[in-house]
Amino acid sequence: MWLGWRTAALVAAAAFLIYSLLPFLAPDDVAPSESQGSQSSAAARKGKGAAAGAYPRLEAEERILGARVWSVAELALHDGQDRNRPLLLAIVGEVYDVGPGARFYSPGEGYAEMAGKDASRAMSTGKFDVDAVPSLDGFSEEQVSAVMQWRSFYRQHEEYRFVGFLEGPYYGAHGSPTLELQRLEDTQSKTEKVGKTMAEARQRFKACNSKSKQGEDNTELWCDPGYHGPGTMPVYLTAYNPEAKKRESWCACASPAARSLAHSDDDAPATAPNELVFKFTDYPECKGKMRCWRPKKAGPPTTRKAK
Ligand code: HEM
């Protein structure tokens, strides 16, 4: 079943997160259980690729105009079938030598479909069988961002090496970036800015503490003057970015003074790009209290404006 772009973007972002956290979560040789899905279990099945010996490697190049430009046909020769050629893949038109990742990318391994080509589209959808193509046409900003995060992964990887640009939608025959690439870069930097503003809001109005015990009907919410600041109380906060049409809500700890300083009109025009509009809604059980109990079943409080 196709669950939609938003879900796909979330899966990709989650996959990226899972993968980034792996070194902190499990020792090297701990593999996920087979029930986690064919892709991940296939990825974790180390064997053929690693056992058959290392691929030769290419020297790293500088990621600048003048780096080698690969054709699609040249890159295809590096899909891992020939053990005498370096194992390569491309992401958003950047070609990487991923030889040390043979356990993922060599024939028969979980991510073999990425080798010898630019499979950027599948980096968001996860559908390596049908989406192993470079085009991100029709993608949402979140999906583009997920793919660009994977590009950062390869850029920053300690063992993988940048070895040139791939001629195609993102780089021309001489390695010049295309307008399509510029469009993706713009989308990415916009998404980053939006994410940064939201992260700042979460710093400014830190999430309240909450505790709910099994068998109890209520959730306890409270603010800690030492951590959240003196005079802070739990309140339902919505931060809205009118430009990006992005909205996030959470139980925050805010003092009455901080609340009145922040915007509280949802319809107010943003005065600066990516400026957030804040709306505070009291939890009826928490009004004026530092600590309160809310029924677990209660949804968000009605969005009556509160200053
Ligand atoms: C959009 C979907 C996904 C994409 C694009 C993706 C991509 C990748 C890539 C590129 C690698 C190899 C990274 C490297 O070179 O070091 C990898 C490894 C891995 N992935 Fe995924 N993945 C996806 C979904 C998932 C899901 C859903 C899971 C698990 C629930 C998962 C679990 C893993 C694990 C465990 C590894 C490391 C295996 C090992 O260390 O042996 N992936 N993934």
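In strand β6, T219 is the bridge partner of S212. Strand β6 covers residues 218-222 and runs antiparallel to β5, to which four bridges join it. Two strands count as paired if DSSP finds at least two bridges between them. The model is predicted: local features need pLDDT of at least 70, side-chain atom pairs count only at pLDDT 80 or more, and totals for chains, interfaces and linings use all residues. Residues are numbered from 1 along each chain as its sequence is written.

The pair belongs to an open sheet of three strands, ordered β5-β6-β10, with antiparallel pairing. The edges are β5 (209-212) and β10 (291-295); each has a single partner strand, so one side of each lacks a neighbour in the sheet. On average, neighbouring strands of this sheet are turned by 25 degrees against each other, direction ignored. Axes here are lines fitted to C-alpha atoms, and angles run from 0 to 180 degrees between N-to-C directions.

Overall, the protein has ten helices and ten strands. Both are DSSP runs numbered from the N terminus (helices H or I, at least four residues; strands E, at least two). Helix α7 comprises 16 residues (141-156). At 1.5 Å a residue, times one less than the number of residues, α7 should span 22 Å; its end C-alpha atoms are 22 Å apart, which agrees. Buried residues in α7 include Q143, V144, S145, A146, V147 and M148. A residue is buried if 20 or more other C-beta atoms, placed from the backbone, lie within 10 Å of its own. Of the 307 residues of the protein, 31% are buried.

Terms used:
Buried ≥ 20, exposed ≤ 12 C-beta atoms within 10 Å, placed from the backbone.
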